[in-house]
Amino acid sequence: MSFLFVCATILLIAGHMVKSLRQKQFSDFYEDVKLPVFNEALAAGYIMNLIVPFRLGDLLRAFIAGRRMKNGFSFAFATVVVDRILDVIVVGVIYLALYIISPSMGFDIGRSAFFYMMLSLAAVLMIAIVTFARHTVKKVIRAFTGIFNEKIELTLMFFFWSVITAFRDMAVKMKKRRLLALTAGMWGLYILSYYLISLAIRQMDGKASLMYVFSYLFSSSSIDKGTLTNGYVDMIMVAYLALSAALLFIASLIADLKEKHKTGTDGGPEK
């Protein structure tokens with residue numbers, strides 16, 4: 001295992017931890033959730049994304065975080081959606097910048113730039129509608145849920161109401177400067193990590209670049225595939241992604257066990 005690979009993995013883990021800290025900022029409006037909870041959920045979601053398509057590991061991420069939160073899955077899901085929307089916008093900006101600088105660079109830059117920018121516009125429009133036209137949205141949701149029986153209708157309404165409320169509060173109340181600082185720090189760590197892993201791959205098999213790594217992770221053609229079910233699997237990249245997620249998951253479990261031991265099994269402080 002090369003020194004570059006180790007450094008890239010450490011930086012990727014650090015980026016994941018800042019990402020969890022950003023998600024914690026979303027939840028702080030309602031409750032104080034320990035950071036290891038978000039780390040554990042994030043790591044589990046990334047491990048699942050290695051196998052399943054369409055980033056469905058995010059549902060597992062929301063489930064794991066939600067079962068440890070007072071506001072449950074609905075609120076956890078809302079924080080994950082906002083987190084992903086921010087990432088989509090950043091990736092779209094990066095792809096657009098790369099396309100403007102060098103449209104012939106390859107790796108499907110043009111199509112990926114268009115895909116992410118359209119997705120970003122749709123996401124921003126969705127947040128705007130939910131935030132400023134929530135009463136109309138609620139009427140539409142009520143009409144949709146009304147086709148089910150009463151139990152399912154109430155469950156769906158509670159879920160959608162929770163998500164809408166969380167969206168609005170996060171959009172209006174969150175500290176924008178801290179959000180920007182965490183996002184910039186997270187992506188700074190990620191980009192540096194991607195650069196180092198590209199050097200590590202080049203050192204091992206003689207072919208790679210930062211653009212190669214970035215497109216391997218975010219190309220629009222890879223969204224509907226898990227990393228291990230992609231048409232082209234780079235085992236160094238798989239090891240890099242899997243090891244970072246596994247180490248973060250183990251570290252968060254250890255931190256969680258220490259916290260439980262510190263507070264006692266009944267949730268109160270030990271005597």
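This is a predicted model: local features need pLDDT of at least 70, side-chain atom pairs count only at pLDDT 80 or more; totals for chains, interfaces and linings use all residues.
**Notebook: H5 and the cores**

Started with a helix pair: the axes of H5 and helix H7 (residues 150-173) come within 9 Å and cross at roughly 100°. Angles of 65 to 115 degrees count as roughly perpendicular, so that is what I call H5 relative to H7.

Next I looked up who makes the contact. From H5 I get Met126, Ile127, Val130 and Thr131, and from H7 Ile164, Phe167, Arg168, Ala171 and Val172. Sorted by class, the H5 contact with H7 has seven nonpolar residues, one polar and one charged.

Then I checked H5 itself. I count 24 residues, and the span from first C-alpha to last is 34 Å, close to the 34 Å expected at 1.5 Å a residue. Which residues of H5 are buried? I find Ile109, Ser112, Ala113, Tyr116, Ser120, Ala123, Val130 and Thr131. Their cover includes H4, helix H6 (134-145), H7 and H9.

On to the cores. The largest nonpolar core has 42 residues, and Tyr95, Tyr194, Ile197, Phe218 and Tyr240 touch the most other members. Helices giving this core at least two residues each include H1 (3-27), H4 (72-101), H5 (109-132) and H10 (235-263). The largest share, nine residues, comes from H8. Apart from this core I see another, of 26 residues, with Val82, Val130, Phe159 and Met174 among them.

Ignoring neighbours within four places in sequence, I list Ile109, Ser112, Ala113, Tyr116, Met211, Phe214, Ser215, Phe218 and Ser219 as contacts of Tyr95.

Terms used: Residues are numbered from 1 along each chain as its sequence is written. Side-chain values use heavy atoms; hydrogens and water are left out. A nonpolar core is a set of buried Ala, Val, Leu, Ile, Met, Phe, Trp, Tyr and Cys residues joined through side-chain atoms within 4.5 Å. Buried means under 20% relative accessible area, exposed over 50%, partly exposed in between (1.4 Å probe, protein chains only). Helices (H or I, at least four residues) and strands (E, at least two) are DSSP runs, numbered from the N terminus. Contact means heavy atoms within 4.5 Å. Axes are lines fitted to C-alpha atoms, for helices over the stretch in contact, and angles run from 0 to 180 degrees between N-to-C directions. Angles under 35 degrees count as roughly parallel, over 145 as roughly antiparallel, 65 to 115 as roughly perpendicular and the rest as oblique. Ala, Val, Leu, Ile, Met, Phe, Trp, Tyr, Cys and Pro count as nonpolar, Asp, Glu, Lys and Arg as charged, and the others, Gly among them, as polar. The expected span of a helix is 1.5 Å times one less than its number of residues.
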